[in-house]
Amino acid sequence: MPTLPAPRADLLRRWLSVLLRGLHLVAVIGLGAALFGAPLDHLGGVGRFAAAVTATGVAMFALDIWRKPGHLLEVAGAGVLAKLLLVGAMMFDGAPRLTLFWIIVVWSALFSHAPATFRHARLFR
């Protein structure tokens, strides 16, 4: 049986998500490189990369919420909010940046690869 084409809005949202995820990866890699001392001051250094990670993360989260408003009430949604707060903290407090970076990286890996029953568990009924 042939599959039906996705509605145009779904297709555009999907490609926007792909673009944002790519930009997010670039920002995360730049942030990590800046934190480890790569000479990236000409690109704005740690602060600008942390802002880019936050901006792309917020945009991806907004797309997820647009697609599925209940995402806010799931473990995965709460996890994303926590990560965004931690990255936001990196923009303002330089002392714990490297520690926060590794906490966020490990947190992201755990949440991304956790079973769907955990990620999509409802926090509130």
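1. Phe101 is buried, as its relative accessible area is 9%. Buried means under 20% relative accessible area, exposed over 50%, and partly exposed in between, with a 1.4 Å probe and protein chains only. Trp102 is partly exposed, at a relative accessible area of 43%.

2. This is a predicted model, in which local features need pLDDT of at least 70 and side-chain atom pairs count only at pLDDT 80 or more, while totals for chains, interfaces and linings use all residues. Residues are numbered from 1 along each chain as its sequence is written, and side-chain values use heavy atoms, with hydrogens and water left out.

3. There are 4 aromatic pairs in the structure. In one of them, the ring centres of Phe101 and Trp102 are 5.4 Å apart and the planes stand at 75°, so the pair is edge-to-face. Rings of Phe, Tyr and Trp (its six-membered ring) pair if their centres lie within 6.5 Å; planes under 30 degrees apart count as stacked, over 60 as edge-to-face and the rest as tilted. Phe36, Phe101 and Trp102 form one aromatic cluster.

4. The rings of Trp107 and Phe111 have centres 5.0 Å apart and planes at 10°, so this pair is stacked. Both residues lie in helix H4 (residues 97-113), 4 residues apart, about one turn of the helix. Helices here are DSSP runs of H or I, at least four residues, numbered from the N terminus. Trp107 is partly exposed at 31% relative accessibility, whereas Phe111 is buried at 19%.

5. The charged end of Arg13 sits over the ring of Trp66, 4.4 Å from the ring centre. The criterion is NZ of Lys or CZ of Arg within 6 Å of the ring centre and within 35 degrees of the ring normal.

Note on methods: Helix = DSSP H or I, 4+ residues; strand = E, 2+ residues; numbered from the N terminus.
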